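Hi everyone, thanks for making time for this. I'd like to walk you through one model today, so please have a look at the sequence and the structure first.

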Amino acid sequence: MQLYNNLSAKERAELIEKAGKERLTISFYKYAKIGNTEIFRNHMYLAWEPLDVLGRIYIATEGINAQLSVPAENFDAFKNHLDTITFLENVRLNIAIEHDNYAFLKLKVKVRHKIVADGLNDNTFDVTNKGVHVGAEQFNALIEDPDTVLVDMRNHYESEIGHFKNAITPDVDTFRESLDLIEEDLRAHKEDKNLVMYCTGGIRCEKASAYYKHKGFKNVYQLEGGIINYARQVEAKGLENKFIGKNFVFDQRRSERISDDVIANCHQCGKPADTHTNCANEACHLLFIQCDECKEKMENCCSTQCQEIIHLPYEEQKALRKGQGNSNDIFKKGRADHLPFKKDLRNIFETTKQTD
């Protein structure tokens with residue numbers, strides 16, 4: 001009985017190309033209490049592998065977080081399977097704005113401690129006691145209210161290429177960093193302000209909304225379905241789009257364009273740009289923003305040192321990587337000191353303080 005992927009990314013890409021069929025990029029999550037996570041994990045793998053589902057799925061005792069790709073012709077069968085699971089029946093599926101048949105090239109279903117790492121060890125915190133979910137129309141109205149504080153619950157490299165107008169964009173590398181930081185800065189407004197949050201698909205701000213309610217915030221809201229669902233609702237209902245730039249996504253596409261605005265800059269030359277790339281040097285693999293001109297000049301590399309390395313014979317490159325592990329630069333997401341042009345860091349609540 002096969003319970004793990006046994007094809008390489010290259011082999012899977014060849015199969016997808018040969019099949020020539022449209023695939024849908026989908027994400028969903030659900031906070032729920034799962035007893036035996038290993039059995040549940042195996043059940044999901046056995047059900048999805050025959051449907052040619054690919055993607056990255058995390059399962060924990062607190063629920064499931066899935067980002068995946070499924071052949072369009074198998075979508076109904078996939079949805080029918082989800083509906084056989086009590087807590088996943090009619091779960092909201094965020095279908096991508098822009099599809100890419102190669103968004104995912106393996107099926108990885110993993111058991112984790114949590115589906116969203118939060119660094120919290122509070123047994124009295126109930127993640128299911130969430131804030132109020134609002135659709136695009138109500139969200140637009142709420143964020144125009146002077147008594148609303150709008151917070152982006154994503155990381156700095158995500159909000160750098162796109163965010164809602166007038167949103168507070170915490171300068172953090174991880175979700176866990178933002179929780180206490182935001183609570184501390186908004187402590188005085190627990191009862192007199194609307195705390196409105198958003199993220200990519202909703203999973204982070206759902207946990208954050210429950211956390212802030214736990215901490216005593218009275219009026220807590222989150223954007224239903226996140227930026228992905230917002231963009232679809234805006235188009236379907238003819239609403240004003242208040243999101244500027246791109247929505248960062250965690251697959252091979254790296255982003256979806258929501259508006260024509262380019263609000264970021266190339267990390268190498270400073271020209272307007274909002275396309276992320278991973279350094280071509282496998283020992284570096286740094287994620288950073290690179291314009292087309294620098295991409296061609298630097299051959300997809302973040303530095304001349306990395307550029308020199310990619311021209312070495314493969315075995316020499318492999319030898320250089322041996323025993324080194326991953327460079328910490330990978331996790332800096334554009335903060336590496338060797339990038340000549342870096343985004344100016346802003347205080348987490350600069351926007352708020354300017355309007356006080």
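This is a predicted model: local features need pLDDT of at least 70, side-chain atom pairs count only at pLDDT 80 or more; totals for chains, interfaces and linings use all residues.

Residues are numbered from 1 along each chain as its sequence is written, and side-chain values use heavy atoms, with hydrogens and water left out.

Now, the aromatics. The structure holds 14 aromatic pairs; to count, rings of Phe, Tyr and Trp (its six-membered ring) need centres within 6.5 Å, and planes under 30 degrees apart are called stacked, over 60 edge-to-face and the rest tilted. Take F164 and Y198: with ring centres 4.6 Å apart and planes at 80°, the pair is edge-to-face. Where do F164 and Y198 lie? F164 is in strand β8 (residues 162-164) and Y198 in strand β9 (residues 194-198), so this pair ties together parts 34 residues apart in sequence. Helices and strands here are DSSP runs, H or I of at least four residues for helices and E of at least two for strands, numbered from the N terminus. F164 is buried, with a relative accessible area of 0%, and Y198 is buried as well, at 0% relative accessibility.

Back to our opening ring and its partner: F248 and F250 have ring centres 5.0 Å apart and planes at 70°, so they too make an edge-to-face pair.

On to salt bridges. How many are there? The count comes to 19, taking a side-chain nitrogen of Lys or Arg within 4 Å of a carboxyl oxygen of Asp or Glu. K246 bridges to D274 with the closest N and O atoms 3.4 Å apart. K246 sits in strand β11 (residues 243-248) and D274 in the loop between β12 (255-257) and β13 (276-278), so the pair joins parts 28 residues apart in sequence. K246 and D274 are both buried. R257 also meets D274 in a salt bridge, at 2.8 Å, N to O. That pair links R257 in strand β12 to the loop between β12 and β13, 17 residues apart. R257 itself is partly exposed, at 27% relative accessibility. Elsewhere, salt bridges that share partners join E62, K114, D118 and K207 into one network. Within it, K114 and D118 meet at 2.5 Å, N to O, and D118 is buried at 4% relative accessibility.

R257 turns up again when we look at E98. E98 is in the loop between β4 (94-95) and β5 (107-111), and is partly exposed at 34% relative accessible area. What does E98 touch? Leaving out residues up to four places away in sequence, E98 touches R253, S255, E256 and R257, a contact being heavy atoms within 4.5 Å. E98 and S255 are 157 residues apart in sequence, yet 8.8 Å apart in space, C-alpha to C-alpha.

Next, the sheet. Five strands form an open sheet in the order β4-β1-β3-β2-β5, with mixed pairing; strands pair if DSSP finds at least two bridges between them. The edges are β4 and β5, each with a single partner strand, so one side of each is left without a neighbour in the sheet. β2 and strand β3 (residues 63-71) pair in the antiparallel sense over 7 bridges, and R56 has Q67 in β3 as its bridge partner.

Last stop, helix α1 (residues 9-19), whose buried residues are R12, A13 and I16. These cover an arc of only 100° around the axis, which puts them on the same side of α1; the arc is that of the directions from the helix axis to the C-beta atoms. They pack against β1 (23-31) and β2 (54-60). The face turned away from that buried side carries the exposed residues K10, E17 and K18. Just after α1, G20 takes a positive phi of about 65°.

Key. Buried means under 20% relative accessible area, exposed over 50%, partly exposed in between (1.4 Å probe, protein chains only).
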